[in-house]
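Please look over the following model with me, with attention to its sheets and to the confidence of the prediction. My points are numbered below the structure.

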Amino acid sequence: MDKTAKVENLRDSAHQPDASSALRNEVYSPPESLARTDTDAKPGRLNFEPTDNPQKTQNTDGEKTFDSVARENGLDINETPGGKLEFSLKYNGEKLVLGNFENNDKGLKELGKTLKEFTELKRWELEKTHNIKIARPGDPAPRQQIGSMDGPPKQGKELALRDPRLKELLGIEAAMERANPSHKTGDSKTPLKFYFLKNDSFNAEAAGVAAFEPNIHGGPAIIVEPHSLDNSPVTEKDREDPKSENHRSIASLFLHELGHHSEERVFDTPQKRIDFYKRMGWAPIPGTRPEDMQMMLKGKEGGFAPKGLDPDAKWERFDKDGNVTGLVSKEEVARQALIKPATDYFEGPHEMLTEAVTMLRLGDGHRTHPMQTDQTLYSLAKEFDQREIDLNYGAGKFIRSFTGKLVPRNAENEETLRARERR
Ligand SMILES: [Zn+2]
């Protein structure tokens, strides 16, 4: 049951009112969707058009324009007083300028070259600094997963890879600031690898944005669906709808995926996993065996479990004997749950845990939210996170500060954290 994909589908309501369906999680392979948008949009042909209507004209296949490069890479274009085109992107709440380019073919080529250089440099830096790998086109790639409603998915063809875009690498960079140590696999193991898919979905049924797989070619993997991040902000600070009761950025998605890696590391037996989930307010649905991992989120009586592929679908309500007694909205489930989820994504205990941990690692306002929503889950997320930290560095060496970064465990840092938690 641990070997199934955790397919993500963090739905981005800001960009995506009719986000795609989610996968029914029967053995812990549910979904989320961050930003599955505009994948049908064809690039514009204009040399430069001030963006309001980017699809106004069609591009011929493969022909790059300033507009298509901007759209593909999530860049903003501004005309400078001197008539050049300034390309930038939003990163950590600031404008990161790539450069100013002449509005002609030469400028377009220079833009391409600059982007490539920035991207290569960032990739090199990330791999060197964090001991992670980012797969290149032609590397051994994940195989497509086919079906997953009943039992484990079948293995399909090996998927084509693409190079990541600069904004995606910046998302990894931002995640790494707070991910520690969830990206680490230990000295003897294959490094965690990011795979960016070119055309085909890893698991089309799941219709997610990304997936975590514990073992692709011998190592843990984060697999990003084609175009799934095209419209996503790089960090939480770059969101147009800044909110701290959820998260919706490339960086936070990667933190979430890495949270699944944490689960793989912290729960070294299925029993430990089940026991922890039980402490989080989940229980096997009466009548099922614990090893089936058919769990429900407990309410005052009985509990609730998601049903069907659609993430907006209602949940089934179970009585104490495991009979379905009705359908309930997800919001109602959150209200009635004995232990409240940290965010609006909790399609299974592993997602509820990973979401709480993601909020903890994002820190500050994001950490405040689960702290105020449910003290039990907050404490469990902390305990879980600390277990992984201790696993890496030895017990008692580091704690996670309220900002999300690790700091040495000492009286001062512990008091600073307690002070933030008392507020
Ligand atoms: Zn997940």
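1. Strand β3 (residues 85-91) is joined to β4 by seven bridges, and the two run antiparallel; strands here are DSSP runs of E with at least two residues, helices are runs of H or I with at least four residues, and both are numbered from the N terminus. Within this pairing, Tyr91 has Glu94 of β4 as its bridge partner.

2. This is a predicted model, in which local features need pLDDT of at least 70, side-chain atom pairs count only at pLDDT 80 or more, and totals for chains, interfaces and linings use all residues. Residues are numbered from 1 along each chain as its sequence is written.

3. The open sheet that holds this pair has three strands in the order β2-β3-β4, with antiparallel pairing, where two strands pair if DSSP finds at least two bridges between them. Because β2 (76-79) and β4 (94-101) each have a single partner strand, they stand at the edges, and one side of each is left without a neighbour in the sheet.

4. A second open sheet has five strands, ordered β11-β12-β13-β14-β15 and paired antiparallel, with β11 (282-284) and β15 (324-328) as its edge strands. Strand β14 (residues 315-318) pairs with β15 over four bridges in the antiparallel sense, and Val328 in β15 is the bridge partner of Trp315.

5. As to confidence, pLDDT (the predictor's confidence in each residue, from 0 to 100) averages 85 over the protein, and 83% of the residues score at least 70.
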